[in-house]
Amino acid sequence: MIGWGQVAGSLALVGIAALLSFWRGIRIEQEIAWAVFRSFVQLIALGYVIKLIFEAGNIGYVVPLLALMVVFGAFTARNRARAIPNVLPVLLLSLGVAVAATLGLALAVGALHANSRTLIPVGGMVIGQAMIAVAIALSRLEHEVGASAAEIEARLSLGATARQAIDPILRRSLTAGMMQTIDSTKTAGLVFIPGTTVGMLLGGAAPLDAIRLQLILFYLLIGGVAISVVLAVTFAYRGFFTAAHQLRDLVAW
Amino acid sequence: MTLFRLEDVTFRALREVNAELPRGTTCVWGPSGAGKSTILRLLNRLADPEHGRVLFEDRDVRELDPLELRRRAVLVQQLPAPIPGTVADNVAYGSRLLHRHVDVGQLLEHVGLPDSYRDRDARRLSVGEQQRLMLARALALEPEALLLDEPTSALDEAAREKVEATLLHLCEDLGVSLVLVTHDRTQAERLAEHFVELEAGRVRAAEPLILRSAP
């Protein structure tokens with residue numbers, strides 16, 4: 001059991017972060033405080049919601065809760081790619097399909113059990129990781145289209161379709177979005193101990209049980225991130241072009 | 001048949017522009033900010049006018065396949081935008097999209113670049129060389145017309161003369177029409193049969209040029 005006293009004690013590390021920020025003049029003390037406050041409120045709320053769902057014992061509550069997470073994830077990721085036209089529906093679609101496909105496949109192959117105690121935390125992890133990956137990919141896409149407008153238009157003016165003109169940028173954006181997940185999977189166990197393993201070990205689980213679950217989660221995350229990033233980039237780039245394969249004014253001029 | 005026609009075109013700096021660009025060589029001339037480059041973007045359909053219409057061979061460009069139009073009337077931008085890769089990659093880019101083979105060496109020769117350049121990194125060429133490479137890249141598509149935005153602005157005297165000679169050869173021997181944007185009146189007189197003078201987004205004059213002499 002973890003008590004509130006232990007939670008409060010761990011805040012000392014946040015204090016150190018704030019002091020370092022002040023000392024080095026980074027001026028992100030308020031950001032740190034806001035992040036700590038938000039995470040506290042959000043996680044407490046999530047804890048109560050999950051408690052209610054577990055007590056109700058109805059797996060049907062999993063879908064609306066994950067849908068809510070998808071909506072919040074999409075709004076958060078949008079902040080990283082505001083210049084991309086109509087990006088919110090793209091984010092909703094990519095995160096929604098990613099979590100649905102990942103959990104669906106994991107259930108189909110028997111990697112996960114069909115209960116709310118499993119699906120909510122795993123679904124949340126997939127959405128969270130996919131949100132970060134999609135935000136990185138779209139941010140890269142937005143930046144590169146702005147920086148390479150002349151090159152894109154040069155390709156268009158030689159008869160390339162919008163897709164052909166932007167293809168190298170799409171590939172770099174996809175890579176950027178996926179690399180964090182791939183790198184963390186590659187270095188797990190050597191450079192760091194993954195969160196799920198830590199949580200299970202602290203909860204008293206046998207080490208190999210923790211590792212098996214961790215491996216399942218890593219594999220699910222790779223699939224979920226790949227699905228979300230590919231969908232997001234594939235649909236988002238169209239917002240930069242008109243139907244006549246013209247680069248829209250927002251970045252061309 | 002007129003190559004291009006602009007009817008009451010309003011877009012950015014341009015205000016109700018009416019102009020005929022016949023086959024042959026037409027020079028769009030005027031001071032900076034007059035809207036010269038914008039006209040080329042409209043002809044290549046990289047943008048559509050807010051008002052009015054642009055016609056290619058008497059058909060509204062919005063009725064045509066934009067990709068086909070861009071291959072038939074290829075734009076060469078003022079600032080060279082080489083594609084990452086070698087000189088040969090750049091020359092063959094448009095043709096590869098059509099799965100067509102091109103003679104890279106011959107095209108480089110057309111624009112005065114040595115064949116030994118084919119494996120060089122295109123982005124490491126000088127601006128003047130890149131400008132000629134952009135011309136070779138456009139010619140690889142065997143276009144009916146070239147839309148040239150200040151094609152010799154970064155070239156020295158000798159290179160400019162070579163490119164102008166190439167342009168005249170394309171026009172006179174191969175029948176390629178040229179729409180040439182320049183702020184250099186003497187270049188207009190050397191190259192063009194017709195000219196359109198722009199000032200502050202409006203056509204100030206449009207007439208055949210009497211003078212035309214080889215560079």
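In α1(A), the residues A:Val14, A:Ala17, A:Ala18, A:Ser21 and A:Phe22 meet A:Glu29, A:Ile32, A:Ala33 and A:Val36 of α2(A). By class, the residues of this contact between α1(A) and α2(A) comprise 7 nonpolar, 1 polar and 1 charged. The model is predicted.

**Packing of α1(A) with α2(A)**

- Two packed helices are described by the angle between their axes and the distance between the axes.
- For helix α1 (residues 4-23) of chain A and α2(A), the axes come within 9 Å and cross at roughly 160°.
- Angles over 145 degrees count as roughly antiparallel, and α1(A) and α2(A) are therefore roughly antiparallel to each other.
- The crossing in which α1(A) passes α2(A) is right-handed.

**Packing of α2(A) with α5(A)**

- Helix α2 of chain A spans residues 29-56 and also packs with helix α5 (residues 116-147) of chain A, at an angle of about 155° and with the axes 10 Å apart.
- This angle makes α2(A) roughly antiparallel to α5(A).
- The passage of α2(A) across α5(A) is a right-handed crossing.
- On the α2(A) side, A:Ile50, A:Ile53 and A:Phe54 take part, and they meet A:Ser116, A:Arg117 and A:Ile120 in α5(A).
- The residues of the contact of α2(A) with α5(A) divide into 4 nonpolar, 1 polar and 1 charged.

**Fold of chain B**

- Chain B contains 7 helices and 10 strands.
- Its radius of gyration is 17 Å, close to the 17 Å given by the globule rule for 215 residues, so chain B is as compact as a globular protein of that length.
- Taken along the principal axes, the box filled by the C-alpha atoms of chain B is roughly 45 × 35 × 30 Å.
- Of the 215 residues in chain B, 49% count as buried.
- Among contacts in chain B between residues at least 6 apart in sequence, 69% join residues at least 24 apart.

**Contact between chains A and B**

- Chain A contributes 15 residues to the contact, and chain B contributes 19 residues.
- On the side of chain A that touches chain B, helix α6 (residues 149-157) of chain A gives the most, with 7 residues.
- By class, that side of chain A has 6 nonpolar, 6 polar and 3 charged residues.

How values were computed. Residues are numbered from 1 along each chain as its sequence is written. Chains are lettered from A and ligands numbered from 1 in the order in which they are written. This is a predicted model: local features need pLDDT of at least 70, side-chain atom pairs count only at pLDDT 80 or more; totals for chains, interfaces and linings use all residues. Helices (H or I, at least four residues) and strands (E, at least two) are DSSP runs, numbered from the N terminus. The radius of gyration is taken over C-alpha atoms; the globule rule is 2.2 Å times the number of residues to the power 0.38. A residue is buried if 20 or more other C-beta atoms lie within 10 Å of its own, exposed if 12 or fewer, and partly exposed in between; C-beta atoms are placed from the backbone. Two residues are in contact if their C-beta atoms, placed from the backbone, lie within 7 Å. Axes are lines fitted to C-alpha atoms, for helices over the stretch in contact, and angles run from 0 to 180 degrees between N-to-C directions. Angles under 35 degrees count as roughly parallel, over 145 as roughly antiparallel, 65 to 115 as roughly perpendicular and the rest as oblique. A crossing is left-handed if the near helix is turned anticlockwise from the far one by less than a right angle, and right-handed if clockwise. Ala, Val, Leu, Ile, Met, Phe, Trp, Tyr, Cys and Pro count as nonpolar, Asp, Glu, Lys and Arg as charged, and the others, Gly among them, as polar.
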